[in-house]
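Here's a quick briefing to read alongside the structure. Keep the 3D view open and find each piece as we get to it.

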Amino acid sequence: MALYSGTFHENYAQDMAVFPTKLHWGLLIIFLILLFTCPLFFSDRILTILTMIGITIISVHGLNILVGYCGQISMGHAGFMAVGGYTSAILYAKLSFPFWAALPCGALAAGIAGLFFGLPSLKIKGFYLIMATIAAHFIIIWAIIQLYGLTGGADGLSVPRPRIGAIMLGTKTNYFYLVMVLACLATLIAHNIVRTRAGRAFIAIRDNDLAAEVMGISLWSYKLQAFFIGCVFAGVAGALLVHYISFASTDQFPFMDSVWYLGMLIVGGMGSTGGAIFGVVALKLLDELVTVIGPILSAAVAPQAAASVAIMSHGLIIIIFLIFEPRGLYHRWEMIKNYFRLWPFSHQE
Amino acid sequence: MEKDKNVKLRIENISLSFGGVNALIDVSMEIRDNEILAIIGPNGAGKTALLNCINGFYKPQKGEIYYKGQKITRMRPDKLAKLGIARAFQNIELYAGLTTQDNIMAARHVLMRQNFVAGALYLGWALKEEIAHRQIAEEIIDFLEIAPIRKTHVGVLPYGMQKRVELGRALALEPNLLLLDEPMAGMNLEEKEDIARFILDIYEGQGATYSNTPILRDGIRSIVLVEHDMGVVMDIADRIIVLDFGRKIAEGTPAEIKSNPKVISAYLGEEE
């Protein structure tokens, strides 16, 4: 990686910094200002889209640590979101926990569920682990439907509008702020985890588990840690989703979501924090594009066309990325940045 | 016993078999302080299997292994790394998705204390710890002369460089016992000479040159070298053990091994 012209790292702290120059800090601050002034410019509809993107980013960060960094493929991510969502909803609606306590409890419950369903990863990997995590999803959803007294079963559970002290979070604007603050925190935490000791251990396990063990990394401990961390992120996202809609139901956590989350990682680029964000934004924007062209299609082709366009476009995009840019959008973005880093005096071709 | 004092690792009568194949048959040996021990033998003699037993990959069916007097025969590999046994592999087993620098940092794992919560917050002591270990990683990078590839992903490095990064990763564990499985396989003469010099430098220690990095300053006083290049082995090993078809057939100084009729027949075949 080339350094920007005129910058020199004089100590290791500078070399390890995420934002190495004042320019980066400036761009970050401008981005944050733009992000948090969005409610001033945009309609409720766009705020809803952005809020959903924020929630999904939190969830996909977790999946990225688990799949992209630790290499433990999970297809039960929506199930773990459901654990977080339901726990938080029950604590808030039935046991009148305050919102600020119910949300972390939901996250923790999802993490513990992750630890439990992560146990098979100690013995199996790859395809078999995928099957085990798919089973985890259906076991969780089945348990939620069976525990009728607690969860409302198939009828769902309505949750009062969230509030922290006197601040009502029910409005779209306030909830947008809540989600964005948490999404920024999740991004920071996810990035810090993967660039420090635990993150290197995860990558070591992903790239070469035998060598990792010889180098002193306890496989079972770090695989379970990856499941725990990944599912805590999922739990936060699930809780935010349930409280946003003010209703908890198993329909909010369909199995296909787990698949699309993996798809988002493929499109964005597995194993990079930026990739998780890029992937979520790309596929969510594709969804919006589909809602725009869907009606046109159904008018032009057939009434049923619109419904299948969404799912087909997702599948198509994922296949295109797997073939033409398997390292994802974020890799492309890094290449573009590297090009302009030396531009126009590049000596590389 | 006086002799026992400087024994770092003792292997007592280990046997290892896979189904009907006997990889190791009743092998006993010791690795002492202050020596470079070479293990040689024809292909399939059981050299790598022996290292795998020391490493905890294979559990021998019979026999015991003691490290500094402690029984380690059925310990997990990661526990052994914490005890101070490091290894560089024959076939490169680096973390392809990490840079040279991060491969070496990843090996600092056992010597770092932070958990993922401290790492996630990245405040105060976690940051300090990262910097302290980065400093040592940089000294190792400097010692092995791989500074130009510090930020290169190891997957794209040429073979010789990958071998060198592997050596660096083993060093970063700060081991008491270093196992090198064919560190010069597939190298040309110049690269072999480089690696031989590194091994001797690691063994001897660099003293004041790297005064802040204990592992480079004091050296590693027990090195096991599995190698096919007889020239190298005869030049740098203090003691040689010869394996053939899973059995130890000879042990001694390079001069003794050179004239041992069993060794000659193992390598060249019986005279008619």
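**Strand partners and a first look**

In chain B, Leu9(B) has Tyr67(B) of β4(B) as its bridge partner. Keep in mind that this is a predicted model. We'll start with the sheet around that pair, then move on to other strands, a helix, the chain contact and the core.

- Strands of a sheet pair through backbone hydrogen bonds, and they can do so either parallel or antiparallel.

- Is strand β8 (residues 222-226) of chain B buried or exposed? 5 of its 5 residues are buried, so β8(B) is largely enclosed by the rest of the structure.
- In a regular strand, side chains alternate between the two faces of the sheet.
- Both faces of β8(B) are covered: Ser222(B), Val224(B) and Val226(B) are buried on one side, and Ile223(B) and Leu225(B) are buried on the other.
- Strand β3 (residues 35-40) of chain B runs parallel to β8(B), and 5 bridges join the two. Look for Leu37(B), which stands opposite Val224(B) in β8(B).
- Strand β7 (residues 177-181) of chain B also pairs with β8(B) in the parallel sense, over 4 bridges. Here Asp181(B) has Val226(B) as its bridge partner.

**A buried helix**

- Helix α1 (residues 47-55) of chain B has 9 of its 9 residues buried, so this helix is largely enclosed by the rest of the structure.
- Among those buried residues are Leu50(B), Leu51(B) and Ile54(B), along with Lys47(B) and Asn52(B).
- Just after α1(B) comes Gly56(B), which takes a positive phi of about 90°.

**Where the two chains touch**

- How many residues does each chain bring to the contact? Chain B brings 34 residues and chain A brings 28 residues.
- On the chain B side, α2 (77-83), α3 (100-107), α4 (116-121) and α5 (124-143) each supply at least two residues.
- α5(B) gives the largest share of that side, with 5 residues.
- By type, the chain B side has 18 nonpolar, 7 polar and 9 charged residues.

**The largest nonpolar core**

- This core has 173 residues, and those touching the most other members include Phe202(A), Leu265(A), Ile140(B) and Leu225(B).
- Helix α12 (residues 219-245) of chain A provides the largest share, 16 residues.
- Domain 1 (1-83 + 238-272) and domain 2 (94-176 + 187-222) of chain B both give residues to the core, so the core lies between them.
- Leaving aside neighbours within four places in sequence, Leu265(A) is in contact with residues including Val60(A), Leu63(A), Val67(A) and Met270(A).

**Chain B as a whole**

- Chain B has 11 helices and 10 strands.
- Its C-alpha trace spans about 70 × 40 × 40 Å along the principal axes.
- A compact globule with 272 residues would have a radius of gyration near 19 Å, and chain B agrees with 19 Å.
- Of the 272 residues in chain B, 45% are buried.
- Take the contacts in chain B with a separation of 6 or more: 67% of them involve residues 24 or more positions apart.

Methods:
Residues numbered from 1 in each chain as written. Chains lettered and ligands numbered in written order. Predicted model: local features only at pLDDT ≥ 70, side-chain atom pairs only at ≥ 80, totals over all residues. Pairing = 2+ DSSP bridges. Buried ≥ 20, exposed ≤ 12 C-beta atoms within 10 Å, placed from the backbone. Contact = placed C-beta atoms within 7 Å. Nonpolar A, V, L, I, M, F, W, Y, C, P; charged D, E, K, R; others polar. Core = buried A, V, L, I, M, F, W, Y, C linked by C-beta atoms within 7 Å. Domains from an automatic or database assignment. Rg over C-alpha atoms; globule rule 2.2 N^0.38 Å.
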